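Subject: Structure handover and findings

Hello,

The structure is pasted below. My notes follow it.

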Number of protein chains: 2
Amino acid sequence: MHLARRQVHSGRVISLDVDTVRFPNGTTGELEIVRHPGAAAVVPILSNPTGPDPAVLLIHQYRYATNGSLFEIPAGRLDAGEQPIDCARRELLEETGVTAGRLEPLTTIWTTPGFTDERIHLFWAADLTSGAPAREEDEFIEVVSKPLSQVITLIKEGGISDAKTVVGILYVAGFILGH
Amino acid sequence: MHLARRQVHSGRVISLDVDTVRFPNGTTGELEIVRHPGAAAVVPILSNPTGPDPAVLLIHQYRYATNGSLFEIPAGRLDAGEQPIDCARRELLEETGVTAGRLEPLTTIWTTPGFTDERIHLFWAADLTSGAPAREEDEFIEVVSKPLSQVITLIKEGGISDAKTVVGILYVAGFILGH
């Protein structure tokens, strides 16, 4: 149970609170919690999604926090009042230039519930039409297309290590495409 | 490229920096980054791991950030200088009371690289021997055993939504046990 809140930081992407809480056993303590508006991410499936090995679109993106570039599925933060599916559609267009004729929910994950309330709403997209991306100023992104089998091998061998991307791809492979 | 760092918070679990950085295109900006020591997590496999549907141990844990309880695999933060595999062994014992005769690496994930450097090192464990758990004061945990097939159904239907747990289970099912 929440007893008191001290806001330590309120920023562009996240805020940080130190909350005083009462635990289930009656003791009290302080917990750090990073508040995040939530995000949406989308697995864009190219070619015939019922074919033997469809391709998926990934982005190769510089991440300051990891001191390097990661392969990820397109994703971004929810704008105020924005529905997750609208965010997924918008981020797919902004980051890859692609419009999806079909956009379906996969699942929603807590990224790291020990210290943040961030949730990512995952979708898959098909019937893709290419256009021009419209990236934000601080996004440095290359779009790549890879066969799903190759993406799964990259996950297995550690070449893809972003959690939402691993979840999205394995979910699509196991539960949507039945690979 | 890192130009300047302002530490906003230094706490028990995380610290928060606001870094001034130069982006790949030469512009500069500020980025919020939550510094985390990293963590280890482990998928404990009961029964015969080569059997048709082995059981796995999960913990049902209250999480303040999610305002409820989540099913998760045992996990915890690296102590200073601690190797991930030693952390996995320690957390498995502390949270479930189980000692693993076999402990093998799965992969390492970035939990949410947009704002934190947290990585979780994932393992699987077998040849389990039960004992008494030794939990930390602020951990409120129930240990449950479920058949892997049921855990996968829970993931598919959204009843398991912690990212490291989804990654660990789907990785074990797809790449270790071949389900």
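How many helices and strands does chain A have? Three helices and ten strands. Helices (H or I, at least four residues) and strands (E, at least two) are DSSP runs, numbered from the N terminus. Read along the sequence, the order is β-β-β-β-β-β-β-α-β-β-β-α-α.

Some ground rules. This is a predicted model, in which local features need pLDDT of at least 70, side-chain atom pairs count only at pLDDT 80 or more, and totals for chains, interfaces and linings use all residues. Residues are numbered from 1 along each chain as its sequence is written, while chains are lettered from A and ligands numbered from 1 in the order in which they are written.

**Chain A overall**

The C-alpha trace of chain A spans about 55 × 35 × 30 Å along its principal axes. Of its 179 residues, 40% are buried. Buried means that 20 or more other C-beta atoms lie within 10 Å of the residue's own; exposed means 12 or fewer, partly exposed is in between, and C-beta atoms are placed from the backbone. Contacts are counted when two C-beta atoms, placed from the backbone, lie within 7 Å. Among contacts in chain A with a separation of 6 or more, 58% join residues 24 or more positions apart.

**Two domains**

Chain A is assigned domain 1 (2–34) and domain 2 (37–176). The bounds come from an automatic or database domain assignment. The C-alpha centres of the two domains of chain A lie 30 Å apart. Four residues of domain 1 are in contact with four residues of domain 2 in chain A. On the domain 1 side, three of these are nonpolar, none polar and one charged. Here Ala, Val, Leu, Ile, Met, Phe, Trp, Tyr, Cys and Pro count as nonpolar, Asp, Glu, Lys and Arg as charged, and the others, Gly among them, as polar.

**The hairpin in chain A**

Strand 2 (residues 15–22) and strand 3 (residues 28–35) of chain A run antiparallel and are joined by eight bridges. Strands pair if DSSP finds at least two bridges between them. Arg22(A) stands opposite Thr28(A) in strand 3 of chain A. The two strands form a hairpin with five residues between them. Gly26(A), in the turn, has a positive phi of about 95°.

**The pair of chains**

How does chain B relate to chain A, and what superposes the one on the other? A rotation of 180° with 0.0 Å of shift along its axis does it, at an RMSD of 0.0 Å. The two copies are therefore related as by a two-fold rotation axis. The same surface serves both: 100% of the contact residues of chain B recur in chain A. The superposition is by least squares on the C-alpha atoms of residues with pLDDT of at least 70 in both copies.

At the interface, 49 residues of chain B are in contact with 49 residues of chain A. Elements of chain B that each supply at least two residues include strand 1 (2–10), strand 5 (55–63) and strand 8 (98–110). Helix 3 of chain B gives the largest share of that side, seven residues. The chain B side divides into 25 nonpolar, 14 polar and ten charged residues.

**Helix 2 of chain B**

Which residues of helix 2 (residues 148–157) of chain B are buried? Leu148(B), Val151(B), Ile152(B) and Ile155(B). Seen down the axis of helix 2 of chain B, they fall within an arc of 100°, so they line one face of the helix. The arc is that of the directions from the helix axis to the C-beta atoms. Their cover includes strand 5, strand 10 (141–147) and helix 3 of chain B. Gly158(B) follows helix 2 of chain B, with a positive phi near 90°.

**Local points to check by eye**

Most residues other than glycine have a negative phi. Two exceptions:

- Asn67(A) has a phi near 60°. Asn67(A) lies in the loop between strand 5 (55–63) and strand 6 (68–72) of chain A. Asn67(A) is exposed, with 9 other C-beta atoms within 10 Å.
- Asp127(B) has a positive phi of about 55°. Asp127(B) is found in strand 9 (residues 119–130) of chain B. Asp127(B) is exposed, with 11 other C-beta atoms within 10 Å.

Last, Ala132(A) is in the loop between strand 9 (119–130) and strand 10 (141–147) of chain A. Ala132(A) is exposed, with 7 other C-beta atoms within 10 Å. Ala132(A) and Thr96(A) are 36 residues apart in sequence, yet 7.3 Å apart in space, C-alpha to C-alpha.

Best wishes
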